[in-house]
Amino acid sequence: MKVALIQMTASDDPAANLPHTRQQVAEAAGAGADLILTPEVTNCVSSSRTRQQEVLRPEAEDRTLAALREDAARLGVWLNIGSLAVKTDDPGGRFANRSFLIGPDGHIAARYDKIHMFDVTLSDTESYRESAGYRPGEQAVLARTPLGAIGLTVCYDIRFPALYRALAQAGADILLAPSAFSPVTGAPHWEPLLRARAIETGCFILAAAQCGTHAAARGKARRTWGHSMAVSPWGEVLADAGAAPGLSLVEIELAAVRQARSKVPSLDHDRRFGPPR
């Protein structure tokens, strides 16, 4: 199976981002990709809640989703829109950070709302409170497809191994981790976290990422780490996109999942234990 990971530097203008995204998807399909992956918040990277309220739409009205569904059907490919920021009916007005798996018929095969919110203080000048603007999801999602069983996660989820273990034990062969990772944590943590999740689960980890400095019409411009990666079930880095926008292509064979798990069958070795004392 050939997988394409799209790395981009999206702005806070969904209309401006869409043509480039569609071009990259078409390029990936033209290169023979069976599964195409875009990063977290493909439609809009923004730190301004007022800007988001202005430009975001509910799922049913989101132009990026509609256009990419059309493209998946026209090109006959599986497409993971890493996530879109979409409006919801949340009483507090919070958005959803929602990942979509689109089939080659253009239909939504699975959707997943990011469960773990990035609420951190990295320094005196850099902090994030994702839960202030986004409503966390509550349900893990595994999509069984002709390409294999695909588990959906998003970015900060990567720090919570229990989610990945649950997906693997439910049958996942491939785990997706689209991201917009901070450079502060990206440099020391990104690759080790991805490799650890792959080794622990015996799954392929595929992580398309945002990169660079993101243009902002309002609010502070965000910076992201990039380095979209594909990691094998044995923990080998199969692709690293570096820091610039672009397309990474990688061939994967699901037989590697069975091989890794037969060597180290740790998914079958869980034992109950009491709490620390």
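These legends walk through an overall view and several close-ups of a predicted model of one protein chain.

Figure 1. How does the radius of gyration compare with that of a compact globule? For 277 residues such a globule would come near 19 Å, and the 18 Å of the protein chain agrees with this. Of the 277 residues, 54% count as buried. Among contacts with a separation of 6 or more, 70% join residues 24 or more positions apart. The accessible surface amounts to about 12,100 Å², and 52% of that area belongs to carbon and sulfur atoms.

**Figure 2. Aspartate 71 joins helix α3 to helix α1.** Here the side chain of aspartate 71 meets that of arginine 22 in a salt bridge, at 2.7 Å from N to O. Because aspartate 71 sits in helix α3 and arginine 22 in helix α1 (residues 14-30), the pair ties together parts that are 49 residues apart in sequence. Aspartate 71 is buried, with a relative accessible area of 1%, while arginine 22 is partly exposed at 30%. Aspartate 71 has another partner in this view: its side chain also makes a polar contact of 3.0 Å with the side chain of arginine 74.

Figure 3. Is arginine 74 buried or exposed? Its relative accessibility is 57%, so arginine 74 counts as exposed; the cut-off for this class is over 50%. Look also for glycine 106: from C-alpha to C-alpha, arginine 74 and glycine 106 are 8.0 Å apart in space, although 32 residues separate them in sequence.

Figure 4. Aspartate 89 counts as exposed at 66% relative accessibility, whereas arginine 135 is partly exposed at 23%.

Figure 5. Aspartate 113 forms a salt bridge with arginine 98, with 2.6 Å between the closest N and O atoms. Aspartate 113 lies in strand β5 (residues 108-113) and arginine 98 in strand β4, so this pair ties together parts that are 15 residues apart in sequence. Both aspartate 113 and arginine 98 are buried.

**Figure 6. A salt-bridge network of four residues.** Which residues are linked in a network of salt bridges? They are Asp12, Arg51, Glu54 and Arg218. For context, the count of salt bridges comes to 16.

**Figure 7. Aspartate 173, buried without a salt bridge.** This residue sits in the loop between α5 (161-169) and β10 (174-176). Aspartate 173 is buried yet has no salt bridge. Its nearest side chain of opposite charge is arginine 261, 4.8 Å away, and a salt bridge would call for a nitrogen within 4 Å of a carboxyl oxygen. Leaving aside residues up to four places away in sequence, aspartate 173 touches Gly148, Ala149, Cys203, Phe204, Leu254 and Val257.

Figure 8. Two loop residues are worth a look at the backbone. Valine 41 is not a glycine, yet has a positive phi of about 40°. Valine 41 is found in the loop between β2 (35-37) and α2 (49-55), and its relative accessible area of 5% makes it buried. Cysteine 155, likewise not a glycine, has a positive phi of about 45°. The loop that holds cysteine 155 runs between β9 (148-152) and α5. With 7% relative accessibility, cysteine 155 counts as buried.

How values were computed. Residues numbered from 1 in each chain as written. Predicted model: local features only at pLDDT ≥ 70, side-chain atom pairs only at ≥ 80, totals over all residues. Heavy atoms only, no water. Helix = DSSP H or I, 4+ residues; strand = E, 2+ residues; numbered from the N terminus. Buried < 20%, exposed > 50% of the residue type's maximum accessible area, 1.4 Å probe, protein only. Lys, Arg positive; Asp, Glu negative; His and termini not counted. Contact = heavy atoms within 4.5 Å. Polar contact = N/O pair within 3.5 Å; in protein donor to acceptor, adjacent residues only side chain to side chain. Rg over C-alpha atoms; globule rule 2.2 N^0.38 Å. Areas by Shrake-Rupley, 256 points an atom, 1.4 Å probe, with all protein chains shown as cover.
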